[in-house]
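Please look over the sequence and the model below before reading on. The paragraphs that follow walk through the fold, the confidence of the prediction and a few selected residues.

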2 protein chains.
Amino acid sequence: MATEKRRKSRYTKGNFRLSAEISALSLELERGERRALSKLISILDEDKSSALTLLERLYKDGKRSYRIGITGPPGAGKSTLVDRLVFYIRKELKKRVGVIAIDPSSPFTGGALLGDRIRMQTHFNDDGVFIRSLSNRGERGGISFSARLLAGLYDAYGFNFTIIETVGVGQSETDIMDLADTTIVVLVPESGDTIQTMKAGILEVADIFVVNKSDRQGSEEIAEELRQMVHMKNGQPQGWVAPVVLTQASKDVGITTLFNEIQNHMAKGRDDSNIRRKLSKNREIVEVALADLKVKLDRAINHNKKFKGVSTVEGVNPYSVAKILIKTIR
Amino acid sequence: MATEKRRKSRYTKGNFRLSAEISALSLELERGERRALSKLISILDEDKSSALTLLERLYKDGKRSYRIGITGPPGAGKSTLVDRLVFYIRKELKKRVGVIAIDPSSPFTGGALLGDRIRMQTHFNDDGVFIRSLSNRGERGGISFSARLLAGLYDAYGFNFTIIETVGVGQSETDIMDLADTTIVVLVPESGDTIQTMKAGILEVADIFVVNKSDRQGSEEIAEELRQMVHMKNGQPQGWVAPVVLTQASKDVGITTLFNEIQNHMAKGRDDSNIRRKLSKNREIVEVALADLKVKLDRAINHNKKFKGVSTVEGVNPYSVAKILIKTIR
């Protein structure tokens, strides 16, 4: 028992070596000061070397926002849906909500997304809403750590809900969706091919399916296809069976039904920690540790003199360099 | 100059601490002994802790196989195309070729893939061909390191070509395709929706587009759509412009044209190291270092007594555990 206690304190009392500025901002953040939230975000945008310690400092078990993940192909109307959910949470539930919108790295879809962002600006005068876009341009793999970091700041700030919106249903989106308590996969009647392509990935992440733009032809067919996929997957009948909700987000149709399903999943999750914690804690710990090590490795290879111009040296063995790099950050 | 020389030797002469068994097998591998290839693969399947050192030991700058990546949605006929390319390389070019086929993690597509594998067995009696499937089941993120490792073994064994086949066109497939010198994205006339969904990702990776099953309706339209996408992307006219090749792999139609385009891209790559090395060396080094650290972190959290049952301790702070984990592997 005493050992257990010692172990517990070891993993709960951290040794928070943070700069005076970040320490002060953390306190302000926990008092709900919006300025501190913005300031911490921009400091960490520049330099993530204190990110892990800050997350450790802000962590409070069981005290965090409920995280709703929204993913699906471009053009499915995800941003409009997020917009409607934000309105619902504010107007109907009178709760506070933070949004993390993850832009794809390509400049090609930039135009459409910019439009989405502008639409969301209707919330900008609302103090109970905070919206932040993350771009993964040139930062492959780092995006899920950035999202985790932002979610940690939102939790400390005191949001009741966090909505994480990401384009696509590939592997990296799956990784980001590990952060969510409830994940919604948004499709449209035209998404038949996408469903076939992404079948396994979609089934793995979806807690709720949405067929948006459901006034279009083929929406009932696609809903039925999804129901059958869910049925085929579900071996154990006592588990959660992902419902399929038809919406027309732009006309506010189906939003209440959708939110009811989110709350059903929330309630189920509270009963069953296996549903709530999709990501095993061990894997989460390794992922966080790796993200922190990546910050250190990137800094070492780019700024440590030892590695200056190393990639231009003829005949260099990249594996030898990798080994020396690992020693350097120790 | 002397400093340069010292730096070079530092990064080229490794300190190869490998077990006697692995050392012996490395030598046999370099003599082209097939048994050593199989043996090393199964040893590393069990335990990757010596993977980085083995890669370092086997690395020979400029002496490696030419890597062809093949990706695209399920049902596009990728495996048949790989099969045809293997035949072409064996019969027409009289060269040796290794195949790395990456299975998706889902059991749902297992059936189809098994069929593909069986079709490939026609090559099993050919000593100049080696086929290996990698599954990423439960090993998120680790698959690209496993593929890199396998490619390193193929290089040392003396294959002229390595073909890497992967299902899907999401982010993790993009990461795997970083290994390839020439990447082929395979689509079918029905892939219109996939193209729209995956546009940015597809454009980022594709050196050559293939529209397979081109006897089907709509193949010319999809080819034209791809040409326009490539045209829109191509800001600098002096760069490589991804060609669109129509094939019917199952009837051996278009394979010679496709291989000619592969050789064009190969030739272009030799002229222009920016094309050949899509992955910057620094990023490659960091990725390899991270993969090695991940092996160490996974082992520590799963086998070090310090972390036994840590995730079940009430109120545990995962960020504190991550920090202690990092210290443990140092």
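In which helix of chain A is Thr256(A) found? Thr256(A) is found in helix 11 of chain A, residues 255–271. Helices here are DSSP runs of H or I with at least four residues, strands are runs of E with at least two, and both are numbered from the N terminus. Thr256(A) is partly exposed, with a relative accessible area of 44%. On this scale buried means under 20% relative accessible area, exposed means over 50%, and partly exposed lies in between, with a 1.4 Å probe and protein chains only. In sequence Thr256(A) and Asp61(A) are 195 residues apart, and their C-alpha atoms are 30 Å apart in space.

This is a predicted model, in which local features need pLDDT of at least 70, side-chain atom pairs count only at pLDDT 80 or more, and totals for chains, interfaces and linings use all residues. Residues are numbered from 1 along each chain as its sequence is written, chains are lettered from A and ligands numbered from 1 in the order in which they are written, and side-chain values use heavy atoms, with hydrogens and water left out.

How confident is the prediction? The model scores ipTM 0.81 and pTM 0.78. Chain A has a mean pLDDT of 82, and 78% of its residues reach 70 or more; pLDDT is the predictor's confidence in each residue, from 0 to 100. A contact means heavy atoms within 4.5 Å. Residues 274–278 of chain A also stay under 50 in pLDDT, and for them the model has 15 contacts beyond four places in sequence. Where pLDDT is low, the predicted coordinates should not be read in detail.

Chain A as a whole comes to 14 helices and seven strands. Of its 330 residues, 54% are buried. Among contacts in chain A between residues at least 6 apart in sequence, 76% join residues at least 24 apart.

Now to helix packing. Two packed helices are described by the angle between their axes and the distance between the axes. Axes are lines fitted to C-alpha atoms, for helices over the stretch in contact, and angles run from 0 to 180 degrees between N-to-C directions. Helix 4 (residues 51–58) of chain A packs with helix 7 (residues 143–157) of chain A at an angle of about 30°, and their axes are 10 Å apart. That makes helix 4 of chain A roughly parallel to helix 7 of chain A, since angles under 35 degrees count as roughly parallel, over 145 as roughly antiparallel, 65 to 115 as roughly perpendicular and the rest as oblique. Helix 4 of chain A contributes Ala51(A), Leu54(A), Leu55(A) and Leu58(A) to the contact, and helix 7 of chain A contributes residues including Phe145(A), Arg148(A) and Leu149(A). By class, this contact of helix 4 with helix 7 of chain A has eight nonpolar, one polar and one charged residues. Ala, Val, Leu, Ile, Met, Phe, Trp, Tyr, Cys and Pro count as nonpolar, Asp, Glu, Lys and Arg as charged, and the others, Gly among them, as polar.

Leu149(A), in helix 7 of chain A, is buried, with a relative accessible area of 4%. Leaving out residues up to four places away in sequence, Leu149(A) touches Leu44(A), Lys48(A), Ala51(A) and Leu55(A). The C-alpha atoms of Leu149(A) and Ala51(A) are 7.1 Å apart, although the two residues are 98 residues apart along the chain.

Between the chains, helix 13 (residues 281–303) of chain A packs with helix 13 (residues 281–303) of chain B at an angle of about 145°, with their axes 9 Å apart. The residues of this contact divide into 14 nonpolar, four polar and four charged.

Ile89(A), in helix 5 (residues 78–91) of chain A, is buried, with a relative accessible area of 0%. Beyond four places in sequence, its contacts include Lys94(A), Phe161(A) and Phe259(A). Lys94(A) itself lies in the loop between helix 5 and strand 2 (97–103) of chain A and is exposed, with a relative accessible area of 65%. Phi of Lys94(A) is near 55°, a positive value in a residue other than glycine. Most residues other than glycine have a negative phi.
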